[in-house]
Amino acid sequence: MSGLLSRIVGAVVATAALAAPALAQSWPEKPVRMIVGYGAGGGTDQQARALSKILSEQLGQPFVVENKPGGGGAVGAMLAKAAPADGYTLYFTTSTTYTFEPLFAKVGYGASDLRHVAVVAQFQEAMVASPKAPWKDFREMVEKAKAEKRDIKYASFYQLDRVIMAAIAKSAGIRIVPVPVQSGNGVVTAVMGEQVDFGFTGGSWGPFVQSGQLKLLAAGPSDRFADYPQVPTLKDLGYDVITEVYTLVSVPKDTPEPVVKKIEAAITQAAGNPAYVDAVVNVGKMRHIVAGEKQSSEMVQRQEAYYRKLAESVGQGGN
């Protein structure tokens with residue numbers, strides 16, 4: 001009986017080993033589902049739709065976008081985690097879905113529950129103010145408020161900006177108070193209406209800075225903005241913090257290796273298409289960056305460690 005069982009197990013393993021390359025060879029032979037972790041119309045959704053259109057044209061099968069917003073991408077991540085690992089479910093979300101949200105909520109997944117096959121853009125978080133504001137950059141605003149012995153109020157739209165600002169407030173010895181708004185567009189409205197001293201936004205600032213309706217006080221990422229190299233980063237201004245948010249594509253972790261490699265190649269090719277670059281850089285005001293699975297996984301691991309340390313430094317997080 002044991003001999004028969006071992007032969008059966010061997011046959012199953014051999015069949016599976018042969019099936020994976022065959023599946024990769026034929027992928028995609030039917031429509032591919034692309035879950036997006038945020039609502040329709042936002043920056044993440046716009047990138048996903050631009051990429052899915054190019055993939056559809058490139059591979060001859062529809063890539064169908066399904067918006068599943070909630071929990072900073074957590075709702076979509078749970079759906080993707082539970083999906084069949086056959087290459088026909090992709091998950092498009094922000095890196096903070098894996099590296100930040102689990103610090104603040106019991107989300108039922110971790111970064112290792114999916115394979116991160118490609119990074120396809122980076123948000124360009126910025127601190128913005130009304131052009132009428134009497135300070136030229138973020139540090140000058142902080143110093144003026146300290147001299148006046150007053151709090152700073154800012155338009156806030158998610159937990160990450162609150163952790164960043166809590167870290168800056170702690171180091172600067174001042175209170176920076178969040179005024180909650182809905183979305184990056186809500187930040188722009190509050191700042192333009194002079195309801196707050198400044199706002200933190202991930203990408204909605206582009207056309208308003210160009211038109212002169214907003215001014216940039218600081219860049220959040222580690223590098224200065226390519227279009228605005230004169231704007232200092234938070235690091236340049238002496239604050240030991242950065243904001244790092246990528247958009248990336250992931251698949252269920254048990255997706256066969258040959259299929260993962262084919263998906264990775266298809267996405268990195270599509271993300272280099274001029275139409276996608278235009279959607280990211282000119283329309284979305286993001287940084288165009290493309291990375292395969294190895295580099296994407298390293299980015300996620302590095303970012304997860306950084307945000308955990310940052311949250312702990314201000315007494316937040318802990319899940």
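This is a predicted model: local features need pLDDT of at least 70, side-chain atom pairs count only at pLDDT 80 or more; totals for chains, interfaces and linings use all residues.
Thr 94 has Thr 247 of strand 10 as its bridge partner. In general, the strands of a sheet pair through backbone hydrogen bonds, in either a parallel or an antiparallel manner.

The length of helix 2 agrees with expectation, because 17 residues at 1.5 Å a residue should span 24 Å and the end C-alpha atoms are 24 Å apart. Its buried residues are Thr 44, Asp 45, Gln 47, Ala 48, Ala 50, Leu 51, Ser 52, Ile 54 and Leu 55. After helix 2 comes Gly 60, with a positive phi near 75°.

The other open sheet described here also consists of 5 strands, in the order 7-6-8-5-9, and its pairing is mixed. Strand 7 (176-180) and strand 9 (215-219) each have a single partner strand, so one side of each is left without a neighbour in the sheet. The twist from one strand to the next averages 30°. Strand 9 pairs with strand 5 (residues 126-129) in the antiparallel sense over 4 bridges. In this pairing, Met 127 is the bridge partner of Ala 218, and Ala 126 stands opposite Ala 219. Although strand 9 stands at an edge, 4 of its 5 residues are buried, so strand 9 is largely enclosed by the rest of the structure. Helix 7 (residues 183-192) packs on this sheet, where it touches strand 5, strand 6 (152-156) and strand 8 (198-201); the direction of helix 7 makes about 165° with that of strand 8.

The largest nonpolar core contains 67 residues, of which Leu 51, Phe 138, Met 165, Phe 198, Ile 267 and Tyr 276 touch the most other members. Helix 6 gives the most to this core, contributing 8 residues. In helix 6, the buried residues are Leu 160, Asp 161, Val 163, Ile 164, Met 165, Ala 167, Ile 168, Ala 169 and Ala 172. The 14 residues of helix 6 (residues 159-172) should span 20 Å at 1.5 Å a residue, and the distance of 20 Å between the end C-alpha atoms agrees with this. Gly 173 follows helix 6 and has a positive phi, near 70°. Apart from residues up to four places away in sequence, Phe 198 touches Met 127, Val 128, Phe 138, Met 141, Ile 152, Lys 153, Tyr 154, Ala 155, Met 165, Ile 176, Val 191 and Leu 217. Among these contacts, Phe 138 and Met 165 are also listed with the core members that touch the most others. In soluble globular proteins, nonpolar side chains tend to be buried together.

Ser 296 lies in helix 11 (residues 293-313) and counts as buried because its relative accessibility is 0%. The side chain of Ser 296 reaches the backbone oxygen of Gly 292 at 2.6 Å. Beyond neighbours within four places in sequence, Ser 296 is in contact with His 116, Val 117, Ala 118, Val 119 and Ala 291.

Glu 244 is located in the loop between strand 9 and strand 10 (246-252). With 10% relative accessibility, Glu 244 also counts as buried. A polar contact of 3.1 Å links the side chain of Glu 244 to the side chain of Arg 302. When residues up to four places away in sequence are not counted, Glu 244 touches Ser 95, Thr 96, Gln 122, Arg 302, Gln 303 and Tyr 307.

Conventions
Residues are numbered from 1 along each chain as its sequence is written. Side-chain values use heavy atoms; hydrogens and water are left out. Two strands pair if DSSP finds at least two bridges between them. Helices (H or I, at least four residues) and strands (E, at least two) are DSSP runs, numbered from the N terminus. Axes are lines fitted to C-alpha atoms, for helices over the stretch in contact, and angles run from 0 to 180 degrees between N-to-C directions. Contact means heavy atoms within 4.5 Å. Buried means under 20% relative accessible area, exposed over 50%, partly exposed in between (1.4 Å probe, protein chains only). A polar contact is a pair of N or O atoms within 3.5 Å; within protein, one must be able to donate a hydrogen and the other to accept it, and residues adjacent in sequence count only if both atoms are side-chain atoms. The expected span of a helix is 1.5 Å times one less than its number of residues. A nonpolar core is a set of buried Ala, Val, Leu, Ile, Met, Phe, Trp, Tyr and Cys residues joined through side-chain atoms within 4.5 Å.
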